[in-house]
Amino acid sequence: MPYKEKPIIKKYFTIGEVAKELGVATSLVRFWETQFDFIRPKKNAKGNRKYTQDDLKKLKLVYHLVKEKGYTLQGAQEHIKQSKDSIDDKAEMIESLKSIRAFLEEMKNSLP
């Protein structure tokens with residue numbers, strides 16, 4: 001049986017990588033850190049932020065609420081506080097639905 005290499009999964013992301021993933025400016029990511037207390041990236045000795053996969057999921061949830069759903073920052077904070085137990089579930093569900101949508105659009109475009 002041939003050897004299969006495991007895909008490389010990054011543990012930490014820079015603020016630039018996170019901003020590029022979300023399609024926003026790095027300053028907005030920093031601003032969201034100050035507004036949402038559950039987003040706490042690690043910082044190295046120089047003060048550079050290192051985001052984990054968990055941080056990225058949380059930021060994607062904030063992006064979804066603020067940019068896609070049109071919540072105000074205060075509204076998004078209240079929504080997250082009310083559903084604190086299901087934050088991770090919602091973030092995973094959003095990612096899952098987006099990947100399904102991309103797959104279906106790819107299938108639609110491949111039809112003659």
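A residue counts as buried when its relative accessible area is under 20%, as exposed when over 50%, and as partly exposed in between (1.4 Å probe, protein chains only). The model here is a predicted one, where local features need pLDDT of at least 70, side-chain atom pairs count only at pLDDT 80 or more, and totals for chains, interfaces and linings use all residues. Residues are numbered from 1 along each chain as its sequence is written, and side-chain values use heavy atoms, with hydrogens and water left out.

H64 has its place in helix α3; helices (H or I, at least four residues) and strands (E, at least two) are DSSP runs, numbered from the N terminus. Setting aside neighbours within four places in sequence, H64 is in contact (heavy atoms within 4.5 Å) with K69 and I94.

Next come helices α1 and α2. The axes of α1 (residues 15–22) and α2 (residues 26–35) come within 8 Å and cross at roughly 100°. That makes α1 roughly perpendicular to α2, given that angles under 35 degrees count as roughly parallel, over 145 as roughly antiparallel, 65 to 115 as roughly perpendicular and the rest as oblique. Such axes are lines fitted to C-alpha atoms, for helices over the stretch in contact, with angles running from 0 to 180 degrees between N-to-C directions. On the α1 side, I15, G16, V18, A19 and L22 do the meeting, and their partners in α2 are T26, V29, R30 and W32.

Within α1, the buried residues are I15, V18, A19 and L22. Looking down the axis of α1, these buried residues fall within an arc of 95°, so they line one face of the helix; the arc is that of the directions from the helix axis to the C-beta atoms. They pack against α2, β2 (49–50) and α3 (53–68). Just after α1, G23 takes a positive phi of about 75°.

As for aromatic rings, a search of the whole structure turns up one pair. The ring centres of F36 and F38 are 6.0 Å apart and the planes sit at 75°, so the pair is edge-to-face. Rings of Phe, Tyr and Trp (its six-membered ring) pair if their centres lie within 6.5 Å, with planes under 30 degrees apart counted as stacked, over 60 as edge-to-face and the rest as tilted. F36 is buried at 1% relative accessibility, and F38 is buried at 17%.

F36 also turns up among the contacts of L73, a residue of helix α4 (residues 73–82). L73 is partly exposed, at 23% relative accessibility.
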